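Work through the exercises below with the model open. Try each task before you read its solution.

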Amino acid sequence: MQTTSPQEAATDMQTTDRRKQKSALEQAGGTKGLIFSALPPVVFVVGNNVGGLKAGVLAALLVALGIGVQRLMSRESIQPALGGVFGVAIAAGITWYTGSAKDFFLIGIWLSLVGAVAFVLSVLLRWPLAGLIWNSATGKGTAWRADKRSRIYYDIATLALAAIFGARFVVQQYLYQADEVGSLGFAKIAMGYPLLAVGFLAVAWAARASDKRLKAVGLLPAQRA
């Protein structure tokens, strides 16, 4: 019977982790998915400026549907596309009903406020969402909560995310009140994935610092050489 050395086993585990990470990236839509997510609001703003509200709404819907069809035909993950189509459809419906172009961005604005409040509350309740989500996704459980310093790391990351979502709300709500539809479209894109990337860096820092701390105090097994 063929045996596997500890070094080979560690290599296999690292390979499996990389595959899982790749799969998670694919489920998120990858780089192309990030680009596709920015297209509907851009098309809406352009269409609204050129042909009016109805033209902007229809153009955004058609682009969102086109992205979904393209992913389906390419046999790529359609979860991001379905979420995008659903979100655009709701935004378009609200805009069509109210007759105001700025309402295309209304849901996103208030969801940013909800996100900011949720992140802050999770810190106050001593269940920082950055730690909860990260450790649940990586299968590490709740060992991090037994260490005060680890909780502080995740508190910082969670508050960074709260600041990002709060900034989104403040800026976009100001533009909404000022009826700056074009600027709202730009702010939605500029304050979307670029700022989230900063938030993810904060979460990655907290996770690495926490893992190092937990290994030092014996709450996580140390890596073998």
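This is a predicted model: local features need pLDDT of at least 70, side-chain atom pairs count only at pLDDT 80 or more; totals for chains, interfaces and linings use all residues.

**Exercise 1.** Find how many salt bridges the structure holds.

Solution. The structure holds 3 salt bridges. Each exercise below takes up one pair.

**Exercise 2.** Find what Asp179 and Lys102 tie together.

Solution. Start with the contact. The two side chains form a salt bridge, at 2.8 Å from N to O. Next, place the residues. Asp179 sits in the loop between α7 (148-177) and α8 (181-190), and Lys102 in the loop between α4 (79-98) and α5 (106-124), so the bridge ties together parts 77 residues apart in sequence. Last, check Lys102. Its relative accessible area is 15%. Buried means under 20%, so Lys102 is buried.

**Exercise 3.** Locate Asp211 and Lys140, then decide for each: buried or partly exposed?

Solution. The side chains of Asp211 and Lys140 meet in a salt bridge of 2.4 Å, N to O. Asp211 belongs to helix α9 (residues 193-216), while Lys140 lies in the loop between α6 (129-137) and α7. They are 71 residues apart, so this pair links distant parts of the chain. Now the accessibility. Asp211 has 13% and is buried. Lys140 has 33% and is partly exposed.

How values were computed. Residues are numbered from 1 along each chain as its sequence is written. Side-chain values use heavy atoms; hydrogens and water are left out. A salt bridge is a side-chain nitrogen of Lys or Arg within 4 Å of a carboxyl oxygen of Asp or Glu. Helices (H or I, at least four residues) and strands (E, at least two) are DSSP runs, numbered from the N terminus. Buried means under 20% relative accessible area, exposed over 50%, partly exposed in between (1.4 Å probe, protein chains only).
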